[in-house]
Amino acid sequence: MDKIDLDALLAGIARPGRYCGNEFNAVRKDWARADLRLALIFPDLYEIGMSHQGLQILYHLVNARPEWLAERAYAPDLDLEAALRQAGLPLFSLESRRPLADFDLLGITLPYELCYSNILTILDLAGLPLRAAERGEGHPLVIGGGPCAFHPEPVADFFDAILLGDGEEALPEILTLVERAKREGWRRLELLPRLARVAGVYVPSFFQPRYDGQGSLLGIDKLHPDLPLPRRRVLADLDAVASQAPPLVPATRIVHDRLGVEIARGCTRGCRFCQAGIIYRPVRERDPEKVLADTLRKLEESGFDEVALLSLSTGDYACINDLLVRLMDALAARRVSLSLPSMRVGTLTREMMEQIRRVRKTGFTLAPEAGSERLRRVINKGISEADLLAAATSAFSLGWQLIKLYFMFGLPTETEEDMAAIPELAGKVLRAGSGRGQVTVSSAIFVPKPHTPFEREPQLGIAEGFARIDFLKEKLRNKKFKLKWHDPRQSFLEGVFCRGDRRLGLLLEKAWCAGARFDSWSDHFNLERWQAAAAELGLDLDSYLRRRRDDEPLPWDHLDVGVERRFLVEEYRKALGEEYTPDCRVHGCAKCGLCDFKRVKPVVFREWRGGGEQVPKQVVSPADPVGKPPLAVGYRLIYARRAEARLLGHLEILQIFFRAFRRVGWPLSFSQGFNPAPKVSFGPALPLGTESLAEFLWLELTLPLADPEAARHTLNRQLPVGLEVVSLRPGGRAQAARQLSAYRITLPEAGEGKFDPQVAADLLANAEFVMTVQRKGRDRTLDIRPAIHDCVVHGPGELELVLIQEASRPTVKPLEAAGACFGLAPGRLRAARVLKLWSKDAQ
């Protein structure tokens, strides 16, 4: 199928910018010239998926090969799903808008259990049979990967293959094999056994679960004895495959809207509840010199104003202090802030906090996990109350006003005293700020994860979870506290799918057919739907939360994460004895069985290599001449907003321009104060979906542009498709209070309703025209006649409307006015195109 035309469809849904694919630095290749085509899919909304670092790494990795093509897709929101079904259109990729069924492979991330229903939505909208066994030779291969790949049995029947572990080396091996299969015409049954021999690849159809008469799992049988058991793939050297491609820059707002830079992978602190600490072992740090160079280069290529250093425990990075000083010297000069989203208590020093706050303070979160020292020993957290309070005291003294604390309840061996210690500890943190700050307590039920020492532990039920939340509500009534909690009902379903077996595939399909979507979003989650589906299938969901016997087969036993079973058993024993297991990166090998110390081993940079100096030189930001205020040179900029750019909101357009200004290096003036902002002023917001030839902004620079026309062309090369600067001239900020703006409204050819010249004449002849508009969810009566300067019909499907716009008067959208005046149906209006032709000062 050719590229899908979505213009009319996207104009009628919420946040259409999610689906435009007009991100800066997106890769667009010639579809016909690609030997192999891969769609990388994240099964959640765009703003979640675009924040996922792993998908972007693989996207650039595949596109670095000229003969391969990688594009992206995300789960459509409910309105787009409904619109696609009504129009009979398939789900598509962002870059080329090709149907997903046209790709050779679909690579679906498995990030968390509550996105499973979205996977079925994606497969169904792609036009594929849900189950791998029902797909034929003409269908793309469906491959999964990500954290949930290590306990995938509930979704195993929907995948042809699943990759365990790091994908940077494994994915090219998989694609090479599939490319060969495509070239040589292999059948699916010939390809799958060869895929199963690729290290790290699990082919679910080659394994069969075995149950007794009561439905209890007896084990999982390997159907092909000659094939190896799937063992997790480990990337030994992160720097060897680090992408040099410019980072993707979203045009619309996403959850983590910043430059993410991975500095290390793996954590060996040994928290016994933490699955990531097992499945990402060993610690592999990146060379700090390369991290610094990559960060500064990618900032220039992206224009982000915040950098996040990413790892499971950023404070454990051996050269973190030197890296922070060097980074912040460079970032402060660029007015770019730094965040460390994964900091452990005890690794966060006052010196590090002082570096972080040099531009502006980002979030400050501490995760003690448990309230009492005893329970923290059980889970091997390795931090003391003194460590926590020292970090809180430093944060408050350095100007942070809010500290967030994260706790779990229902941990193994938890007592009433352990539970009571949570509000007590929160109170001590609050007092560390001498009453000046606030404390947010976030809490959630502990979910026992596979491949951890606690994998056989029971999970709290829903009622028990709410009882603990009520206890915390009672104890944290002070207005200085804010309590947040994860819904125990969602934790219940997470626990079911986390430790579930292949029978849950039927449950998933039945609940999805009944409407299950976006179960990780509280406004969509409905546990009753899942419970009803389970009742029809005769499944006891509560049984999945029970304690597992020591000799009981587990649904993930056939998947080898590299860490030996005996290590997990020993860690559980040590948990019950409150014994500490030190970090192997510092205190020697813990004998988990993963490393061979030849290829797979810890990689730690204990000193800065580069120039050989341990303490870095400062890069001082240029100061203004003493006694002279900075220059202030104003410019007026007119830009056009067409095509996909019309589907972006006003705030998103602002962000696009700010990042473009950073990429071209224009010397913006900044305001003074706690959070300096660039001196840029935009014109009134354009209605979503409206195109324009005459949008306006003003900006102030500290140096004049040597050649404004050349600067205009340079800026245009940094703007996404649909945005173009048409004029750039020196000028002041002042703008007339009254503006005349002309809009051309074009109706689609087919359909009822048209523009009648007599209606336009009557409208201009009348002194008033009252209509009802909706503002902030409420109906409001408005006389729009004073706002209409002229109304000219150029044909049955084309109208030119000139509106008077005043800052002090209520405004009416052009399409609203046209619809009311000419009696057009809502469906007709949604399909109309609106173009702002010009704007000028009113006399």
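Predicted model: local features only at pLDDT ≥ 70, side-chain atom pairs only at ≥ 80, totals over all residues.
Y116 lies 402 residues from F518 in sequence, yet the two are 8.5 Å apart in space, C-alpha to C-alpha.

Let's turn to the sheet. Four strands form an open sheet in the order β14-β15-β16-β17, and their pairing is parallel. Because β14 and β17 stand at the edges with a single partner strand each, one side of each has no neighbour in the sheet. From one strand to the next, the twist averages 20 degrees. Strands β15 and β16 pair in the parallel sense over eight bridges, and here F407 stands opposite S443 in β16.

| β14 | 365-369 |
| β17 | 481-485 |

Helix α14 packs on this sheet and touches β14, β15, β16 and β17, with its direction making about 170 degrees with that of β15.

Helix α14 (residues 416-432) also meets helix α13 (residues 385-397): their axes come within 8 Å and cross at roughly 35 degrees. The crossing is right-handed. On the α13 side, the contact is made by E385, L388, L389, A392, T393 and F396, while α14 brings L425, K428, V429 and A432. Sorted by class, this contact has seven nonpolar, one polar and two charged residues.

Terms used:
Residues numbered from 1 in each chain as written. Heavy atoms only, no water. Axes fitted to C-alpha atoms, helices over the stretch in contact; angles between N-to-C directions. Helix = DSSP H or I, 4+ residues; strand = E, 2+ residues; numbered from the N terminus. Left-handed = near helix turned anticlockwise from the far one by under 90°. Contact = heavy atoms within 4.5 Å. Nonpolar A, V, L, I, M, F, W, Y, C, P; charged D, E, K, R; others polar. Pairing = 2+ DSSP bridges.
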